[in-house]
Amino acid sequence: MSTTLTDRRITEGPELPVQKRRRRPTLGRMLLPIGVVVGLILVWQLACSVFNIPTYIIPSPVEVWQSLSENWAMLMQNTWPTLIESVLGFALGNLVAILLAVLFVHWKLAERALMPVAVFIRTIPIVAVAPVLVIMFGQGYTPKILIAALISFFPTLVNMVKGLESVDKQSLELLRVLSASRNEVLWKVRMFASLPYLFASLKIAAGNSVIGAIVAEWIGSQEGLGYLIIQATYNFNTPLLYATMTVASIMAVLFFGLIGLIERLVVTWEADVKA
Amino acid sequence: MSTTLTDRRITEGPELPVQKRRRRPTLGRMLLPIGVVVGLILVWQLACSVFNIPTYIIPSPVEVWQSLSENWAMLMQNTWPTLIESVLGFALGNLVAILLAVLFVHWKLAERALMPVAVFIRTIPIVAVAPVLVIMFGQGYTPKILIAALISFFPTLVNMVKGLESVDKQSLELLRVLSASRNEVLWKVRMFASLPYLFASLKIAAGNSVIGAIVAEWIGSQEGLGYLIIQATYNFNTPLLYATMTVASIMAVLFFGLIGLIERLVVTWEADVKA
Amino acid sequence: NAAAKQANEGKSAGSGSRNVSLQLGWLISEGQLGEAVALAKGYYADNGIKLSIQPGGPSIDGVSLVAGGRSQLGEVSSSPSLMLARSQGVPVKTFAVGVQEHPYAYVSLPNKPVHEPKDLIGKKVGTQATGQILLSALLAKNNIDPGDVEVVVIGADVTPLTTGQVDVWTGWLSNVTAMRPLKDKYVSMRLWDAGIHLYGYPYYTTDSVMSEQRDLVEKWVSATAKGWSFARENLQEAAEMVVKLQPTLKAEDIAAQGEVLLKYAYNDATKTDGWGTMNRDVWQSQLDTWTELKQFKGTPPKLEDFVTFDVLDATKEARKA
Amino acid sequence: MTDISTATLASHQGTGAVTLENVTVTFNTDRGRVTALQDITVSLPEHGFVSLLGPSGCGKSTLLRVVADLLDPSAGDITVLGRTPEEARKSRELGFVFQDAALLPWRTAIENVRLPFQVGGGARGEAESPEKLLELVGLKGRENAYPHELSGGMRQRVSIARALVCRPRVLLMDEPFGALDEITRDRLNEELLRIWEATGTTILFVTHSIPESVFLSQQVLVLSSHPGRVRELVDINLPYPRKLEVRDTPEFTAIAAHLRRLLETC
Amino acid sequence: MTDISTATLASHQGTGAVTLENVTVTFNTDRGRVTALQDITVSLPEHGFVSLLGPSGCGKSTLLRVVADLLDPSAGDITVLGRTPEEARKSRELGFVFQDAALLPWRTAIENVRLPFQVGGGARGEAESPEKLLELVGLKGRENAYPHELSGGMRQRVSIARALVCRPRVLLMDEPFGALDEITRDRLNEELLRIWEATGTTILFVTHSIPESVFLSQQVLVLSSHPGRVRELVDINLPYPRKLEVRDTPEFTAIAAHLRRLLETC
Ligand SMILES: Nc1ncnc2c1ncn2[C@@H]1O[C@H](COP(=O)(O)OP(=O)(O)OP(=O)(O)O)[C@@H](O)[C@H]1O
Ligand SMILES: Nc1ncnc2c1ncn2[C@@H]1O[C@H](COP(=O)(O)OP(=O)(O)OP(=O)(O)O)[C@@H](O)[C@H]1O
Ligand SMILES: Cc1ncc(C[n+]2csc(CCO)c2C)c(N)n1
Ligand SMILES: [Mg+2]
Ligand SMILES: [Mg+2]
C-alpha cells in the first residue's frame, strides 16, 4: 500500500490553520464578487446580442438597467413593504424555530411528537394556503409576514436542533457536576455550541424570507415587489420583471451579508480548540 | 452573587451524556408522533363541527378522508411524477451544492466570488422565470427536476460550507504534518466533520425538493400532485386540495425520516469526544 | 426561426400529417371541448394534423413559449393579454376567438346586489391582481370615480364573498364549480354587459408561422370549429372526450361548465360568421380602452399588428358548417 | 500496608465520605463488552486524601465518574456523604478536575473559573476568589486569555482553579497535574495539601506519579487492570503537614518502592 | 554542562538536522502581544536525541510547532534536514506526537495508526506494522475501539504508534508519555531508545519529567519563560545503550539535580 503511493506528487498541503487573521470585508475584498457579477452581466449582454434573444424572452442587461432607472422611484417605493414583511417574517419565523428547537432539545418527546408535524406544515405549498391566510388575517402585512415566517422557520428549526445537540460530552459532564439546571446548560453551553449552526440556518432563512414575502404578495396585495412581479408578468414587461427580481435579489444578498457580518462579530472565540 | 443564588431550587440536572443508547425507530417510538397527529386531527374535526366551518373554507378530516379514499387511485397515480421529480431534483441539487461547497472550501476566492451569485439565484422567484426554463428545457420532467434542484441546493450549500470548515484545528495540523494534500484533507477529515451539517441540510432539502416539484408542476403539467392542487383550487374542490396536500406532506415526512435513518446508520462514532 | 424549424421537422416526421402543438394558457378544461372532440373524432387527422396540447398554469400563460417557438399555436384566457404582448414587442397575432362574450363577471350576494355598474359605488370589490385593470376599465367606461369603489386583491376562490370580507367577487361565470358554495343564490353582472367587450380564449400564433404555415393554421381552425360545433350538440359526449385527455377531471363538471361557456361561445355573430369569428369594432374598442387607460408602454399597437382576419376569411365555410 | 482485595480505609474522621460496594462498570461496545471496573469495594473517610494509582486504562477515570454520577455503575452501590451520588451532585458537594481540562472555549480563563458561581445555584457557603485562585496556579496576567491562547498546562491549571473555587466537600481530581512541569507541580502539591488541611475536603486523586501519590495522600488505592480490581490499599503513615523534603526520607522511598513493585505486577 | 544562552549542540553526526536561528514567535491577541519564544538559537544534530524542559507555558509546544511548519515564526530562520520546515514537512520527514492525542474520532485505533499510509503519499521507505506498533504500546486487543471508547492514556498511546508508523527522520514529541503510568512509561522509554538507536531518527522530545529527559536524551535544552528563552543546554554524558538502572547512578542523580535547580530559577 505504501509503496504504490510513494511517488504521488504532493503540490499543496492543507492550509495553515493557525494565525488565520479575521478579516473584515473591505473594499478590496468586495472587488472580486463585484468583478464576477460584472463579468456575468457582460456574458449575459453578449449572449443576448450574439444569439439575438428577444427582449420578451430574456431582456438584455442594458434593457433591465433602463427599466431599473426609469422605474426607480416605483421600485424603491415597493421595496419597503417587501423589506418589512421579510424582516418581520424572518424575525418571527426564526424566533419560533429557536424556541421550538429549545423545546425539542429539552424534551426529546416533543421532538418526536412535533417534528413530523413541522415537516408536514413545511411541505404545504404556500400559494395553496395563502388564500386561507388572507381570509383569516385580512389584507394587511399579517398574512405576508406569516408566510415569510413559515418559509424561513424550517431550516432554523432543523439546524438549531442539531446545533443545540452538538455540545461536546466534556462540557455536559462539567455542567452536570456543577449541578446546572437544564436552563443553565442551555444558556451557558448549548447556545454557544449551536451558534455556527444557527448562523448557517439564518443565512438560509434570509433568502427564504425574501422569497416568502414575494410569493405572499402574489395574493392579496397591491404593493410590494411581489405585486410588481405579477403586474410585470401580466403586462409582458420583461425588463421590469427582471429589474424587480434584481432588486429583490440584491435585498437578499445584503440580508445574507449582514448575517455573515453579525456572525463574525459574535463568534470571536475559536470553537474547535481542544480545551 | 453566590449568596443570592444559593437557595434557588434545582430540580433537574442536564441529561446524562454517556451511555446514550442508539435507538432505532421502533413501533413503540412511532406511537407518540402518530398519537399527536391523531390528536391534531381530532381537534381539527372538533373545531370544524363546533364552529360549523363550511367545507369550502376548511374541510373536516372526515371529508378529507372521504376525498382521499374516493380519489385514491388518482392520487397515487399522480404521486409518482412528483416523487420522481423531487427525488431526482434532490439528488441533483445536493450533488451540485456539495461540489460547490468543496470548491468554496478549497478555494476561498471562489466562495467570495460565487456565494453572492448563489444567493442571487436562490432569491429568484422560480415561477417568474418559468417561461425561460420551459423554453430551454421543454415541458417534460427536466424543468421540474431543475426547479426542485434549485430550491433544494441552497441549504446544503450553506451548511456544507460551514460543515467542511468546522474541522478541529488539531486534525488539520495532524494532516498538515502528514503532508496531506487538500484532497486528502477533504476526504479523510472534512467530509466526516461536515456530516452533521450535511444531514441537517439534507433534512431541510428533503422538504424543499417536494415543494419545488409541486411548484414546478404549476408551469404546465398534466400530472403530478402540483397539478392536482391547482385543479382542486380552481375547481374549489377543497377536500381534494387538502387530500392532495396531505399526500405531499406524507411524502415529505417519509423522505425526512429516511434521511434521519441513514444518518443514524452512517454516523456511528461519537464526534464530540476530545480525542 | 425555431417555430418554422419545428414545423418542418413535424412535416418530415409524420406520414403526410404534420405535428402541431397548441400551448394553453391554463390547464385542460371545458375550454378544450372542441379540441377534444376534434382529436377524438379524427377531425385533425383528416386535415393532416397531429395535435398535441401543452397545458399552461397559474405560473405560465404560454405566450412567450409560442413566441419562442416551442409551439406553433397558442390560446390564452382573455384577449387583453395579446394586445399587451404585442405592445411589448412579442410577435404574436390573434387569428380566432373561442368565446365571443367574455364570461368574466362581478358576482355579489342578493342582500348586497350589484346589478349594474353604479351599484359598485361604496362596495368592496375583491379581485385578483390581474383583474384590477378590468375594474378600472369598467369604472372609466361608466364614469364612476375609482375612489368610490374599494378594491382588495384576493385569491381565486369565492370564500371572501361568502364570509363577507368583500361585497363583490370576480370570476368566470363558466367556472361553476368555484361558485358552488354560493348555491346559485347570487347576482352577477358581466363585464361585457357593463360595456367592456373582451373576448375569451383567443387563439394566436406568431408572425412567422402566419406567413410560412398559414395553411396549417387554417386547417387547424377548420377542424377545431367542427369539434366545437359537435360539442355544442353533444355536450355530454364531448365532456367525456375532455376527460379522456385529462383523466383527473370529472365529466359532469366539464359538462356543467361547458354549458355556460357555450352560451357565450356562440352568439349572433357566430350565427352569421361561424365559430371563432372576430369583430374589428370589438377589438378596436378594447384597444381604445386600453390605450386610454395607459396600459401600453410607449406607442399603442395597431390592430393589424395583433389581429389577423386572414385565417377566418379562408375558413369561413368550414366554420359555419 | 495491608494486602486486602476488599479494602477498608481507616476511618480518618467519621464514617466513609465516599463508599463503593461491589461496584462493577461494564461498557457495551459494538465489538463486545469491556469491563472497566469489577467488584470494587472501598470506603473513603471524610476529610480523607486518597490517591488512585494503576496502569493506564485500568478504570481510574471510570471510578471517578461513577462517584460523580456521570456514569451509572452496572452493579454495586455507591454513597457520597451518606447519600446517593446523584443527591450529592445535586447539592453541589462535588468538585471535579477532568483529565482533559474541559474548558468552555467561548469563556476566558477567569470566566471559566467563575462558571461554578453562575450555574447550579452558585456557591454553597464560602467561596474562593477566582482572581486569587488563578494567581495561585500561576496565571496572573492571563485571566482574559481564551483557552485556545493558553498552553496545555495552563489550561489544566485553569481547570484546577475552577474545581477549587466553590470549596467542594468532595474533590475528585483526574491527573490534575499531569501536564505541569515539576516545579509548578511541586508547588501546587504543597498548595493542595494546604487547602486540604485548611478546608477539610475529601479528596480522591488520580495520578501516575508514585512520589506524588505518596507525598499527598493518606492512602493509595492501587488498581490492577483487565478488569480494574483493587490490587491493594496502601497506608501512607507519614505525618502531616508534609514538606517536600519528606521525599528524601527512607520511609518515603520505601513506600514508593513498594508501590512501584505493586504496579509492576498489576 | 555548558551555560550558554546561544546554545550550540555538540554535533552527534553530521551537521544540524534541525537548526533555529534567532527564532522569535509572537502571538497577537485582542489583549496585546504574547511573546512565546524569543531569540532562540539552537542546533540539533542529526540522529540526535534532545529533550526540551521548561515551565508550563514557556513555549515548548510552540517551538515544536515552528519546526513542524505548523506556525510561522515572527522572526528568525529554521532549517530541518538542511531545508525549510515546509520542504521537510512536504517530503514527509516529520513525525509529530501532539500534546493532545489528536485522533480522528471516526477512525478506530488501528485506522488512526494507518492514517499516515493513506495520506501525503504514504510511507517513505520502510514502514512499521500498525498492528505490531499497537501491540508495542500495549493496545493489543483494542485495535478496533473508537477513540471515545479508550482511556486518556490509551489515546495517547495510539497517537504515539501513529507517529512511529512511517519511521520519520525527525520525530517531534510533545509530552508523549504524560498521561501514562510509570510502568508503561518506563517500558516505552526503553522502546523509544531502542527505536531511536535502530533507526537513527532525530528526536526532539518535550517532557516535564526530569528523570525521563536525563534517561532518554543526549542533551537537554532548558527553556525559561516569559518569554521563552534558552536557559541552558545540558549535555547528558551517559553511555548508550542505557538501561533503566542508570537512573540509580550518582551521575544520573547529579544531572537531574542540576536540571532541577535550573528549572527552579527559570
Ligand atoms: N494561539 C495563541 N494565541 C496567543 N497566545 C498563545 C497561542 N498559543 C500559545 N500561546 C502562548 O504562548 C506561550 C507558550 O505556549 P506553549 O503552548 O508553547 O507552551 P508550552 O511550553 O508548551 O506549555 P505546556 O507545558 O503548558 O504545554 C503561552 O504563554 C501561551 O499562552
Ligand atoms: N465509553 C466507553 N466505551 C467503551 N469502553 C470504555 C468507555 N470508556 C472507557 N472505556 C474503557 O474502560 C477502561 C477504563 O477506562 P478509564 O478511562 O477509566 O481508564 P483510566 O484508568 O482512567 O486510564 P488512563 O490512565 O489512561 O486515563 C478502558 O479499557 C477503556 O477502554
Ligand atoms: C384570474 C384568473 N384566475 C383563473 C384563471 C384561470 N381560468 C381560466 S378559465 C377558468 C375557469 C374555467 O371555467 C379559469 C379558472 C385565469 N385565467 N385568471
Ligand atoms: Mg483516565
Ligand atoms: Mg505544550
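1. Basis of the values. This is a predicted model, in which local features need pLDDT of at least 70 and side-chain atom pairs count only at pLDDT 80 or more, while totals for chains, interfaces and linings use all residues. Residues are numbered from 1 along each chain as its sequence is written, chains are lettered from A and ligands numbered from 1 in the order in which they are written, and side-chain values use heavy atoms, with hydrogens and water left out.

2. Chains A and B, extent. With contact taken as heavy atoms within 4.5 Å, 84 residues of chain A and 82 residues of chain B take part. The two chains bury about 7,600 Å² between them, 68% of it on carbon and sulfur atoms; buried area here is the accessible area (1.4 Å probe) that two parts lose on being put together, summed over both.

3. In one salt bridge the side chains of Lys162(A) and Glu263(B) meet at 2.2 Å, N to O. Among the elements that give two or more residues to the side of chain A that touches chain B are helix H2 (27–50), helix H5 (108–123) and helix H8 (169–177) of chain A, and the largest share, 14 residues, comes from H9(A). By class this side has 54 nonpolar, 10 polar and 20 charged residues, where Ala, Val, Leu, Ile, Met, Phe, Trp, Tyr, Cys and Pro count as nonpolar, Asp, Glu, Lys and Arg as charged, and the others, Gly among them, as polar.

4. Chains A and C. Here 18 residues of chain A are in contact with 28 residues of chain C, and the area buried is about 2,000 Å², of which carbon and sulfur atoms give 60%. Tyr56(A), Tyr234(A) and Phe236(A) supply 39% of the area that chain A buries against chain C, more than any other three residues. The count of salt bridges is zero, whereas four residue pairs (both at pLDDT 80 or more) are in polar contact. The largest share of the side of chain A that touches chain C, four residues, comes from H10(A), and by class that side has 10 nonpolar, seven polar and one charged residues.

5. Helix H6 of chain A. Helices (H or I, at least four residues) and strands (E, at least two) are DSSP runs, numbered from the N terminus. How many residues of H6(A) are buried? The helix is mostly covered, with 10 of its 12 residues buried, meaning under 20% relative accessible area, with exposed over 50% and partly exposed in between (1.4 Å probe, protein chains only). What covers these buried residues includes helix H7 (141–165) and helix H9 (182–216) of chain A, helix H10 (225–234) and helix H11 (238–266) of chain B, together with helix H7 (159–162) of chain C. Just after H6(A), Gly138(A) takes a positive phi of about 80°.

6. Aromatic pairs. A search of the whole structure finds 33 aromatic pairs over all chains, where rings of Phe, Tyr and Trp (its six-membered ring) pair if their centres lie within 6.5 Å, and planes under 30 degrees apart count as stacked, over 60 as edge-to-face and the rest as tilted. The rings of Phe90(A) and Phe255(A) have centres 4.8 Å apart and planes at 50°, so this pair is tilted. The pair links distant parts of the chain, with Phe90(A) in helix H4 and Phe255(A) in helix H11 of chain A, 165 residues apart. Phe90(A) is buried at a relative accessible area of 13%, and Phe255(A) is buried at 14%. Tyr104(C) and Tyr106(C) form an edge-to-face pair, 5.8 Å centre to centre with 90° between the planes.

7. Val158(B). This residue lies in helix H7 (residues 141–165) of chain B and, at 4% relative accessibility, counts as buried. Leaving aside residues up to four places away in sequence, Val158(B) touches Ala200(A), Lys203(A), Ile204(A), Phe256(A) and Met115(B).

Notes. A salt bridge is a side-chain nitrogen of Lys or Arg within 4 Å of a carboxyl oxygen of Asp or Glu. A polar contact is a pair of N or O atoms within 3.5 Å; within protein, one must be able to donate a hydrogen and the other to accept it, and residues adjacent in sequence count only if both atoms are side-chain atoms.
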